[in-house]
Amino acid sequence: MTTLKRFATAVLMSLLLLAPLRAQQPPQTPQQPPPKPAAQDEFVPVNAPVSPQDAMPAPRLVAIAYGFIWLVFFGYLASVKMRLSKVEKEIDVVSRRAGSGSRRP
Amino acid sequence: MTNRLFVPLAIVTAAMFAYAPFMILGAPYESTMGLVQKIFYFHASAGMTLFAAAAVSGIGSALFLFTRKPWADRMAVSGAELASIIGLVVLVTGPLWARKAWGVWWQWDARLTSTLVMWLIFNAYLLLRKYGGPGSDRLAAAVALFGMANVPFVYWSVNVWRTLHPKTSVIPSLQPGMRGPFWFCVLAFLLLFTLVLIVRMGLEHRRAELDELYLALED
């Protein structure tokens, strides 16, 4: 019984001591409004980027996106051109071979 | 007719692609995404062209399966290769936009996953054509039909399932400052697709001629 009484007193004292500490805590800064989610239903145009911080990494991403499109496009065109010239060369060789009457190795 | 139109169309397309960045730069910023939303003009245009490429490959495959016309097969192969290339553009530019707009590169939602599946189907088609051996043309044609059947699912996925991706309603609701550059880019992409498809089908045609020459030589 005495032990229980002593424990209850200790808990009460601790709470009393901690209460002012809790009261002295700096006032919490007002919560930042959550960022607006990206538009899904309709794009609303504005005349400037949303915020200066926002504009920082976006140009890099936009540049990479557009650069990648050009790279893929020119790479593909070059690949088609290479394949076409290879086939043309082979047609030339086979036509000459057919003209001279020789067989495929 | 095609040969006469090819050069003027190529000049028009090149001019459109040269002018497109200026139109995109002049377009207004989007209120929630800012500058990064400008990826939309090429990303969505490439997405529409991907649907066109899938349709060309699917229709070509269907025609080939029913009529066995070699030109239909050439159309299917060329469409599938372009679907693979344009799909890569869509799947790379999308995450670049998403990283800034959503805070993540990728989300396993219905639109992104179904687009990836469609791209994989057309890559499977090309692998089957390359390594499938005799008879793979008909088997691959069936694969392309599945690829084309995926198009409506990819398109409607954003309206049916919960997703972070913009819905199909953004296109008809585009404001005049955004609408002009967007449809300009779509037209440029579709013209480019048509021209490259003609060139790619020409390559298949020459390959067929080479095969005939080899057969003639064997005889």
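This is a predicted model: local features need pLDDT of at least 70, side-chain atom pairs count only at pLDDT 80 or more; totals for chains, interfaces and linings use all residues.
Local features need pLDDT of at least 70 and side-chain atom pairs count only at pLDDT 80 or more, while totals for chains, interfaces and linings use all residues. Residues are numbered from 1 along each chain as its sequence is written, chains are lettered from A and ligands numbered from 1 in the order in which they are written, and side-chain values use heavy atoms, with hydrogens and water left out.

Chain B contains six helices and one strand, where helices (H or I, at least four residues) and strands (E, at least two) are DSSP runs numbered from the N terminus. Read from the N terminus, the order of its elements is α-β-α-α-α-α-α. The C-alpha trace of chain B spans about 70 × 40 × 25 Å along its principal axes. Of the 219 residues in chain B, 49% are buried; buried means under 20% relative accessible area, exposed over 50%, and partly exposed in between (1.4 Å probe, protein chains only). Among contacts (heavy atoms within 4.5 Å) in chain B between residues at least 6 apart in sequence, 75% join residues at least 24 apart.

Leaving aside neighbours within four places in sequence, Thr13(B) touches Ala188(B), Leu191(B), Leu192(B) and Leu195(B). Met23(B) is also found in helix H1, which covers residues 2-26, but Met23(B) is partly exposed, with a relative accessible area of 22%. With the neighbours within four places again set aside, Met23(B) is in contact with Gly180(B), Pro181(B) and Phe184(B).

In soluble globular proteins, nonpolar side chains tend to be buried together. A nonpolar core is a set of buried Ala, Val, Leu, Ile, Met, Phe, Trp, Tyr and Cys residues joined through side-chain atoms within 4.5 Å. The largest such core here has 67 residues, and those with the most contacts inside it are Phe43(A), Phe40(B), Tyr41(B) and Phe42(B). Two or more residues of this core come from each of H3 of chain A and H1, H2, H3, H4, H5 and H6 of chain B. Beyond its neighbours within four places in sequence, Phe42(B) is in contact with residues of both chains, including Tyr66(A), Ile69(A), Phe17(B) and Phe189(B). Another core, of seven residues, lies apart from the largest one, and among its members are Val87(A) and Leu210(B).

Grid points are joined across faces, edges and corners, and a volume is the space filled by probe spheres set on the points. The largest pocket holds about 910 Å³ of space. Its lining has 29 residues, with Arg129(B), Glu204(B), Arg207(B), Ala208(B) and Asp211(B) nearest the centre. H6(B) gives the most to this lining, with ten residues. By class, the lining of the largest pocket has nine nonpolar (Ala, Val, Leu, Ile, Met, Phe, Trp, Tyr, Cys and Pro), 18 charged (Asp, Glu, Lys and Arg) and two polar residues (the others, Gly among them).

The second largest pocket holds about 560 Å³. Its lining divides into 24 nonpolar, six polar and two charged residues.

Conventions: On a 1 Å grid over the protein atoms alone, a cavity is a set of points where a 1.4 Å probe fits but cannot get out, and a pocket is an open set with protein on both sides within 12 Å along at least five of seven lines; lining residues have an atom within 4 Å of a point.
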